[in-house]
Amino acid sequence: MPKTGFHTEGVPAPAGPYSHGVVANGFLYTAGFGPQDAANGNAIAENVGDQTRQVLRNIQTVLAVHGLTMDDVVKSTVHLQDLSDFAEFNVAYEEFFTAPYPVRTTVGSQLASILVEIDVVAALPQG
């Protein structure tokens, strides 16, 4: 099956040779997004809760390109700089999703100057 990559205005530019998202086989796959706020000169919040909210707003912007919302997300992968931030992260994350929640993998990762990075897979409408 063919794949179609795309870039989205209103989110941070890719830091390398990759797309913001790729559509393939009935799914939209996003790149991993950090908490940079493109509307405010790529400003970054100081705490993991606010960083998580910005990451998820960035992801919402990418999903909207294809008419999708967070309700279409079926899988997320989360990288936390410090796993002791999990509770604060989880409160912010839950603000963006409703049941049935997507499946999720959360891991501790060495991140460069950020506290959280998230990528998602969303199901495209059939038909």
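**Figure 1. Lining of the largest pocket in the predicted model.** Fifteen residues, given here as 15 in total, line the largest pocket, and those nearest its centre are Ala15, Tyr18, Gly32, Gly34 and Gln36. The space within this pocket amounts to about 270 Å³. Sorted by class, its lining comprises ten nonpolar, four polar and one charged residues.

**Figure 2. The six-stranded open sheet.** The strands follow the order S1-S2-S3-S6-S4-S5, and their pairing is mixed. Strands of a sheet pair through backbone hydrogen bonds, in either the parallel or the antiparallel sense. The edges are formed by strand S1 (3-6) and strand S5 (103-108); each has a single partner strand, so one side of each is left without a neighbour in the sheet. From one strand to the next, the twist averages 15°.

**Figure 3. Antiparallel pairing of S1, S2 and S3.** Strand S2 pairs with S1 over four bridges in the antiparallel sense, and Phe6 stands opposite Gly21 in S2. Strand S2 (residues 21-24) is also joined by four bridges to strand S3 (residues 27-30), again with the strands running antiparallel. In this second pairing, Val22 is placed opposite Tyr29 in S3.

**Figure 4. The hairpin of S2 and S3.** Two residues lie between the strands of this hairpin. Asn25 is located in the loop between S2 and S3. Its phi is near 55°, a positive value in a residue other than glycine. Most residues other than glycine have a negative phi.

**Figure 5. Pairing of S4 with S6 and with S5.** Seven bridges link S4 and S6, which pair in the antiparallel sense; within this pairing, Ser76 stands opposite Val120 in S6. By contrast, S4 and S5 run parallel and are joined by six bridges. The bridge partner of His79 is Val107 in S5.

**Figure 6. Crossing of helices H1 and H2.** The axes of helix H1 (residues 48-64) and helix H2 (residues 86-94) come within 8 Å and cross at roughly 35°. The crossing of H1 past H2 is right-handed. On the H1 side, the contact is made by Val48, Gly49, Thr52, Arg53 and Leu56, and on the H2 side by Glu88, Phe89, Ala92 and Tyr93. By class, five nonpolar, two polar and two charged residues take part in this contact.

**Figure 7. The cis peptide bond between Ala99 and Pro100.** The peptide bond joining Ala99 and Pro100 is cis, with omega at about 0°. Pro100 is situated in the loop between H2 and S5. Most peptide bonds are trans.

Key:
Residues are numbered from 1 along each chain as its sequence is written. This is a predicted model: local features need pLDDT of at least 70, side-chain atom pairs count only at pLDDT 80 or more; totals for chains, interfaces and linings use all residues. Side-chain values use heavy atoms; hydrogens and water are left out. Axes are lines fitted to C-alpha atoms, for helices over the stretch in contact, and angles run from 0 to 180 degrees between N-to-C directions. A crossing is left-handed if the near helix is turned anticlockwise from the far one by less than a right angle, and right-handed if clockwise. Contact means heavy atoms within 4.5 Å. Ala, Val, Leu, Ile, Met, Phe, Trp, Tyr, Cys and Pro count as nonpolar, Asp, Glu, Lys and Arg as charged, and the others, Gly among them, as polar. Two strands pair if DSSP finds at least two bridges between them. On a 1 Å grid over the protein atoms alone, a cavity is a set of points where a 1.4 Å probe fits but cannot get out, and a pocket is an open set with protein on both sides within 12 Å along at least five of seven lines; lining residues have an atom within 4 Å of a point. Grid points are joined across faces, edges and corners, and a volume is the space filled by probe spheres set on the points.
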